[in-house]
Amino acid sequence: MKHQAFVSLVVYVRNERQTLEEFLRDADRTLGDSFEFHEIVVVDDASTDGTAQAAAGVARELLGSVTVLELARPHRVEAGIIAGLERAVGDFVFELESSHVDFDLG
């Protein structure tokens, strides 16, 4: 049974194009398995490798909504996460400092 809560996942990224698409698919699937409603907020900290474009491209495939915040200049993790938290609307919010995770999201 899925939880009825609306959850947000805020993920800070900087030049993570190579891992972001797979991460977003995995995160969307994991959140969708557990929660009725979810969103992912991607905070792109002035990446130069097309990270934001990759996030926007894969967003069309996902069940939950995806918002991509593109910061115009580098702000670092703390300020980036705060920007994402200000945009998140979930009843509960998870935050990750990178799309490079070394653990199972489920």
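Is Arg25 buried, partly exposed or exposed? Arg25 is partly exposed, at a relative accessible area of 32% (buried is under 20%, exposed over 50%, partly exposed in between; 1.4 Å probe, protein chains only). This is a predicted model: local features need pLDDT of at least 70, side-chain atom pairs count only at pLDDT 80 or more, and totals for chains, interfaces and linings use all residues. Residues are numbered from 1 along each chain as its sequence is written, and side-chain values use heavy atoms, without hydrogens and water.

**Helix H2**
- Thr51, Ala52, Ala54, Ala55, Val58 and Ala59 are buried in helix H2, residues 51-59 (helices are DSSP runs of H or I, at least four residues; strands are E runs, at least two; both are numbered from the N terminus).
- They sit on the same side of H2, because their arc around the axis is only 160° (taken from the directions from the helix axis to the C-beta atoms).
- The buried residues of H2 pack against strand E1 (3-13), helix H1 (17-34), strand E2 (35-45) and strand E3 (65-71) (contact: heavy atoms within 4.5 Å).

**Salt bridges**
- The structure holds 3 salt bridges (a side-chain nitrogen of Lys or Arg within 4 Å of a carboxyl oxygen of Asp or Glu).
- Glu61 and Arg25 pair at 2.9 Å, N to O.
- Glu61 is in the loop between H2 and E3 and Arg25 is in helix H1, so this bridge ties together parts 36 residues apart in sequence.
- Arg29 bridges to Asp26, with the closest N and O atoms 2.4 Å apart.
- Both lie in helix H1, 3 residues apart, or about one helical turn.
- Glu39 pairs with Arg87 at 3.6 Å between the closest N and O atoms.
- That pair links strand E2 to helix H3 (residues 76-87), 48 residues apart.
- Glu39 is buried at 2% relative accessible area, whereas Arg87 is partly exposed at 33%.
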